[in-house]
There are 2 protein chains.
Amino acid sequence: MIEALDVLGLRPIKILFTTMAAALMATTAFTADPIPADLRAMALATFKALPSTTPAVVNNPITPEKIVLGKALFFDPRVSASGVFSCNSCHNLATGGDDNLETSIGHGWQKGPRNAPTALNAVFNIAQFWDGRAEDLKAQAKGPVQASVEMANTPGQVIATLKSMPQYVEWFSAAFAGDADPVTFDNFAKAIEAFEATLVTPAPFDAFLNGDDAAMTSEQKQGLTLFMEKGC
Amino acid sequence: MIEALDVLGLRPIKILFTTMAAALMATTAFTADPIPADLRAMALATFKALPSTTPAVVNNPITPEKIVLGKALFFDPRVSASGVFSCNSCHNLATGGDDNLETSIGHGWQKGPRNAPTALNAVFNIAQFWDGRAEDLKAQAKGPVQASVEMANTPGQVIATLKSMPQYVEWFSAAFAGDADPVTFDNFAKAIEAFEATLVTPAPFDAFLNGDDAAMTSEQKQGLTLFMEKGC
């Protein structure tokens, strides 16, 4: 699910996800706890169901060619100065979209100052990074490659590396067909944003929000009630 | 392709692959260079075509369940002490089965003493590690997890980590259905071997060895001739 942005504003979305999951899984509510008749309406005041399709993003029409390129870039450690880290190193799509570490380990085994947020559903965050300093994913994607404690690379070196591989030149040319010089750092970021926009994971909770009463068990509904009552 | 084991013996297979690729790509042979009429027969004295199916391995029948489990393990950084490295970190299947580094970077940013060999077609190596100290992949797979400069983990910790995840317990139980205690370090290694046995990459050279004259260009055949004449 995503938060109702006008309600919670800039608050990082991950806290909501994590706390919510904990509430749904670990609730010790008694089976006799009442489930409000208008639970869905109550929930919809705070949450919105994830969409069923890849969302549009600002100034970056999503195309299959950009997604293919962005997926390759997301998993490619050659974009880091060391050749060790890819986006997927800290935003591991096989383990919930992050690295399960308190703070990530980066270039030279340095520890970053903040926990890596999940890349799953990140396209719906109203801003990126924990302090919201990046407007969207295409702005965010330029950060970790250059951060000294993460990939420690430079835009020039990233582009030189990518241009050295004919397959990447071909992928960039297909994804940004109108550009005279398609292999640029801006396009690198746009392709990653396009791939990340596909990382949308509707769950039973979304089905419940969408009208399916049977999508959640009574215990889960009790947990949701408790979660909202406590103002989590 | 794979080397004829009786000819080259224990010589690491990767040298052959790499040099061969360089010869095929970078050959400056003149187009007038002759191509021996019996080129295929000459090549078959040294090389064998990769098989078209997943090969059998000793003491470890390959099953779909083991492959599923082994694939998950291969990509899972949670088997390392730091949570940073998976098998795929140094044997990256997206970049030729290795990490493109002179020597790999491991736990605490230590550099290993040797170049990471590719996991592609590694099932055909007559021994594993550059010094051949592991008999097969199931023996090899136990090494990097425990090496202090690589994943720096212990078998006990690996198994404790895996047992903490119900999905892994389910996967191990399905893959080793006859075992009273399926989540073991031996089975961990067998599952990885089963997955790695699927990493077989027949190429145009294999098609040529299998009888397709058109699979290689004249320039490639000249390169192959040169490669064999020089005794690479």
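The model is predicted. The predictor assigns the complex an ipTM of 0.74 and a pTM of 0.80. Chain A has an average pLDDT of 88, and 86% of its residues score at least 70.

**Make-up of chain A**

- Chain A contains 12 helices and four strands.
- Of its 232 residues, 46% count as buried.
- Among contacts in chain A with a separation of 6 or more, 64% are between residues 24 or more positions apart.

**Cysteines**

- Zero disulfides are found over all chains in a search of the whole structure.
- The sulfur of A:Cys87 has its closest cysteine sulfur in A:Cys90, at 9.2 Å, which is too far for a bond, because a disulfide requires the two sulfur atoms to be within 2.5 Å.
- A:Cys90 is likewise in no disulfide, its nearest cysteine sulfur being that of A:Cys87, 9.2 Å away.
- A:Cys87 has a relative accessible area of 15% and is therefore buried, the cut-off being under 20%.
- A:Cys90, with a relative accessible area of 17%, is buried as well.

**Helices α4 and α10 in chain A**

- Helix α4 (residues 64–74) and helix α10 (residues 185–197) of chain A have axes that come within 7 Å and cross at roughly 100°.
- The two helices, α4(A) and α10(A), are therefore roughly perpendicular to each other, since angles of 65 to 115 degrees fall in that class.
- On the α4(A) side, the contact is made by A:Lys66, A:Ile67, A:Leu69, A:Gly70, A:Lys71, A:Leu73 and A:Phe74.
- On the α10(A) side, the partners are A:Phe188, A:Ala191, A:Ile192, A:Ala194, A:Phe195 and A:Glu196.
- Nine nonpolar, one polar and three charged residues make up the contact of α4(A) with α10(A).

**Helices α4 and α10 in chain B**

- In chain B, the axes of helix α4 (residues 64–74) and helix α10 (residues 185–196) come within 7 Å, with a crossing angle of roughly 100°.
- This angle makes α4(B) roughly perpendicular to α10(B).
- From α4(B), the residues B:Lys66, B:Ile67, B:Leu69, B:Gly70, B:Lys71, B:Leu73 and B:Phe74 take part in the contact.
- From α10(B), they meet B:Phe188, B:Ala191, B:Ile192, B:Ala194, B:Phe195 and B:Glu196.
- By class, the residues of this contact between α4(B) and α10(B) are nine nonpolar, one polar and three charged.
- The buried residues in α4(B) are B:Lys66, B:Leu69, B:Gly70, B:Ala72, B:Leu73 and B:Phe74.
- The cover over the buried residues of α4(B) includes α5 (87–90), α8, α9 (166–175) and α10 of chain B.

**Asn153 in chains A and B**

- A:Asn153 sits in the loop between α7 (142–146) and α8 (155–163) of chain A.
- A:Asn153 is buried, with a relative accessible area of 7%.
- Leaving aside residues up to four places away in sequence, A:Asn153 touches A:Val79, A:Ser80, A:Ala81, A:Val145, A:Gln146 and A:Val158.
- B:Asn153 is located in the loop between α7 (142–146) and α8 (155–163) of chain B.
- The relative accessible area of B:Asn153 is 7%, so B:Asn153 is buried.
- Not counting residues up to four places away in sequence, the contacts of B:Asn153 are B:Val79, B:Ser80, B:Ala81, B:Val145, B:Gln146 and B:Val158.
- B:Asn153 and B:Phe47 are 106 residues apart along the chain, and their C-alpha atoms are separated by 38 Å.

**Pro51 in chain B**

- B:Pro51 lies in the loop that runs between β2 (47–48) and α4 of chain B.
- With a relative accessible area of 28%, B:Pro51 is partly exposed, because the value lies between the cut-offs of 20% for buried and 50% for exposed.
- B:Pro51 touches B:Phe124, B:Val200 and B:Pro202, when residues up to four places away in sequence are not counted.
- The C-alpha atoms of B:Pro51 and B:Asn210 are separated by 9.9 Å, and the two residues are 159 residues apart along the chain.

Methods
Residues are numbered from 1 along each chain as its sequence is written. Chains are lettered from A and ligands numbered from 1 in the order in which they are written. This is a predicted model: local features need pLDDT of at least 70, side-chain atom pairs count only at pLDDT 80 or more; totals for chains, interfaces and linings use all residues. Side-chain values use heavy atoms; hydrogens and water are left out. pLDDT is the predictor's confidence in each residue, from 0 to 100. Buried means under 20% relative accessible area, exposed over 50%, partly exposed in between (1.4 Å probe, protein chains only). Axes are lines fitted to C-alpha atoms, for helices over the stretch in contact, and angles run from 0 to 180 degrees between N-to-C directions. Angles under 35 degrees count as roughly parallel, over 145 as roughly antiparallel, 65 to 115 as roughly perpendicular and the rest as oblique. Contact means heavy atoms within 4.5 Å. Ala, Val, Leu, Ile, Met, Phe, Trp, Tyr, Cys and Pro count as nonpolar, Asp, Glu, Lys and Arg as charged, and the others, Gly among them, as polar.
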